[in-house]
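Please read them with the coordinates open.

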Amino acid sequence: MKKVSALLISCALIFGTVLAGCTKDQSTGAKTTTDTGKETKPKIVLYNNSKEPTSIDPPIGFDQISYDIVNNAFEGLTRLGKTHQPEPAMAKEWKVTPDGKKYTFTLRDGIKWSNGDPVKAADFEYAWKRLLDPKTASDAAFLAYPIEGAEAYNSGKGTADGVKIKAVDDKTLEITLAQPASWLIGMVSSPAFFPVNKAAVDKSAKWAGEAATIVSNGPFTITEWKHDSELKMVKNAQYWDAANVKLDGVTYKMINDSNTAYQLFSTGELHSTETIPADMSDKLFSENKVTVQDAAGTAFYRFNTKMAPFTNANIRKAFVAAVDRQKLVDLVLKQKQKPAEGFVSPGLKDPAGGDFRKVGGTLIKFDAAEAKKLLTKGMQEAGYAALPEVTLTYNTNDVSQRIAQAVQAMFKENLGIDVKLANKEGKVMTAEQKKLQLQLSRSSFLPDFADPINFLDGFQSTNPFSRTGWVNAQYDKLIKDAFSEPDEAKRFKMMHDAEKILMDEAPILPLYFYNTAYLQSDKLEGVVRHAFGFIDFKLANLK
C-alpha cells in the first residue's frame with residue numbers, strides 16, 4: 001500500500017436512484033412490492049460460512065469465519081472497494097500531516113447505528129481503546145501498535161489516556177502515530193477497527209452473543225442467530241449508503257462438511273460455498289464450475305518450542321523438510337493452492353515493484369534425505385535415543401483431517417516417526433494453543449492489510465498471536481525497526497531478513513498459500529472477495 005502523502009483525501013460517493021416501492025421486514029420472509037405492483041421474492045443470499053463464528057464482537061472474533069460476518073454487519077472509517085483499495089466509508093475524508101504521523105478523519109453527516117443512534121467519533125475512540133484494553137485480551141490488539149501509546153497500554157505499562165486516539169468532536173477523530181505507517185488507511189478497513197456501540201456493550205458483557213442485543217452500523221443488521229446452524233442478516237435501513245445495497249439480506253449457513261455443502265448447492269439451497277469435496281474436485285474444475293481467485297494468507301502448523309521434542313530447532317526443521325507440499329496441494333486439497341515456500345504469501349509489492357515472495361525466494365522445501373539428517377542431528381543435540389511421542393492436533397473438519405492424515409503419512413515415510421492425531425473444536429484448540437498445551441497444531445493466518453509486516457509481526461516474542469513460545473531477539477529487533485523505518489527499501493530488506501530467521505528457526509511449519517476456490521450460482525453477482533480482507537455483500541445482487 002502506498003504511503004498517503006496528500007494533505008487532504010476526499011471522495012464524494014454518488015447515491016443511486018431511490019429504490020421504488022416498499023420493502024417489508026425480510027426476516028419474516030415477506031415479499032417485496034415493486035412500483036409495478038408485482039410481488040417478488042426477497043433477495044436473500046444463502047452463503048455457506050462453514051461454522052459458528054468465534055465472536056461477532058470486532059476485537060474478539062479475530063478469524064475469517066467471524067470477520068466474514070462482521071465485515072457486512074459493521075463498517076469502519078474506510079471500506080475496501082471493488083478494486084480492493086480502501087475507500088471512504090464512515091469517514092468522508094481524512095488529512096495526513098507531512099511527516100505521516102497524524103491523521104484527522106472527518107465523519108459523514110447522518111451516519112447511524114442500526115438502532116437509530118448517531119455514530120460519533122467517540123464511538124471509534126472507545127472501540128479502539130477497548131481493542132487495546134488488556135482486559136479485552138484481543139489477539140488483534142497488536143495491529144494498533146503504530147498508534148502512540150498503544151503498545152504501552154496493551155502491555156499494561158501505560159494508560160488509556162496515553163493512547164493518542166482522540167474524538168475532537170462528534171465528527172472529528174485524531175490519530176497520532178509513534179512512527180509513520182503507510183498501511184494505516186487500509187488497516188482501518190479491518191473489522192478489528194470497527195466501532196462498537198458503547199451503550200450496547202455497557203448493557204451486557206454478552207451483547208455480541210445474540211441477534212437481539214447486537215447493534216451494528218454496516219450494510220446489514222443481524223436479526224436471527226441459530227447457533228451452530230445459521231445467522232440471518234437483513235438490509236440495514238439506517239446505513240448511510242443503503243440506496244446502493246441491492247440485497248434484502250444474507251443468511252450465513254454453518255455447514256462444515258464439504259459433501260453436505262455441495263449437495264445443498266446442487267439443489268439450490270446455497271448460492272455459494274467455498275467448501276468443495278476433494279473427491280469431486282477434479283470433475284468440478286474440469287467442467288469449469290469452480291471459480292478460483294487469488295487470495296492471501298498461509299495455512300501452517302505451530303510447533304510448541306517449550307515442549308519436547310520441539311525445543312530443538314533441528315528437529316523442528318526436520319519436520320518442515322519432511323512435508324511434500326506439492327503433493328499436499330495436488331493430491332489432497334485439489335483446489336489449485338500454491339505450496340508454501342516461506343510464510344509471507346504472494347501478492348505484496350515492494351518499492352521496486354517486485355513481489356515480496358518472489359524476491360524472498362524459496363526458504364523451505366521438501367527434502368526427505370535432508371529431513372533425516374536434521375532429525376538425527378537434532379536427536380543427538382537433545383540427547384534422545386528415541387524421539388518423545390508427538391501428537392498433531394487439528395480443528396474438527398474434513399479438510400483439516402485429510403491434511404493431518406496426509407502429513408502424518410509423510411512423517412512416517414520420510415522420518416520413520418509415528419505421529420498421533422487428535423482433533424478438537426476450533427475454540428478449544430485455540431485456547432490450548434495460547435496456553436502452550438499442544439505440541440504441534442494446525443493454524444492459519446489471513447492478513448488484515450496489504451503489507452508483509454502484518455504476516456511477520458505476529459511472531460515477535462511478546463505477540464499473543466505467536467502461540468509457539470519462540471523467542472529470538474534478532475527477529476524482534478528487525479520487526480521493531482521495520483515499524484519505525486521510513487525508507488521503504490530498507491524496511492523491506494528488514495522484513496526479508498526477519499522471514500529468513502523465522503524459517504531457519506522453524507517455530508512454524510508452513511503448508512500452503514491460500515486461494516479462494518468457490519462454487520457460486522449464476523444468479524448471484526457483485527460479491528467481492530478481498531485477498532487482503534473479507535467477503536463483502538454490500539454491492540451484491542441476485543438476478
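1. Against which helices and strands do the buried residues of helix 7 pack? Bearing in mind that this is a predicted model, the buried residues of helix 7 pack against helix 6 (258-266), strand 16 (291-303), helix 9 (325-333), helix 12 (398-415) and strand 21 (508-520).

2. Within helix 7 (residues 278-286), the buried positions are A278, S281, L284 and F285; viewed down the helix axis, these buried residues fall within an arc of 95°, so they line one face of the helix. D279, D282 and S286, on the other side of helix 7, are exposed, and just after the helix N288 takes a positive phi of about 60°.

3. Q439 sits in the loop between helix 13 (426-434) and strand 20 (440-445), and is buried, with a relative accessible area of 11%. The side chain of Q439 reaches the backbone nitrogen of T391 at 2.7 Å, and, once neighbours within four places in sequence are set aside, the contacts of Q439 include R302, F303, N304, E389 and V390.

4. Three cavities of 30 Å³ or more are present in the structure, and the largest cavity holds about 90 Å³ of space. Of the 14 residues that line the largest cavity, N71, L80, S189, S190 and G533 lie nearest its centre, while strand 6 (residues 78-80) supplies the largest share of the lining, three residues. By class, this lining has five nonpolar, seven polar and two charged residues.

5. The second largest cavity, with about 50 Å³ of space, has a lining of eight nonpolar, one polar and one charged residue, among them F142, W183, F449, N454 and D457.

Notes:
Residues numbered from 1 in each chain as written. Predicted model: local features only at pLDDT ≥ 70, side-chain atom pairs only at ≥ 80, totals over all residues. Heavy atoms only, no water. Helix = DSSP H or I, 4+ residues; strand = E, 2+ residues; numbered from the N terminus. Buried < 20%, exposed > 50% of the residue type's maximum accessible area, 1.4 Å probe, protein only. Polar contact = N/O pair within 3.5 Å; in protein donor to acceptor, adjacent residues only side chain to side chain. Contact = heavy atoms within 4.5 Å. Arc of directions from axis to C-beta. 1 Å grid on protein atoms, 1.4 Å probe; cavity = no way out; pocket = protein on both sides within 12 Å on 5 of 7 lines; lining within 4 Å. Points joined across faces, edges and corners; volume = space filled by probe spheres on them. Nonpolar A, V, L, I, M, F, W, Y, C, P; charged D, E, K, R; others polar.
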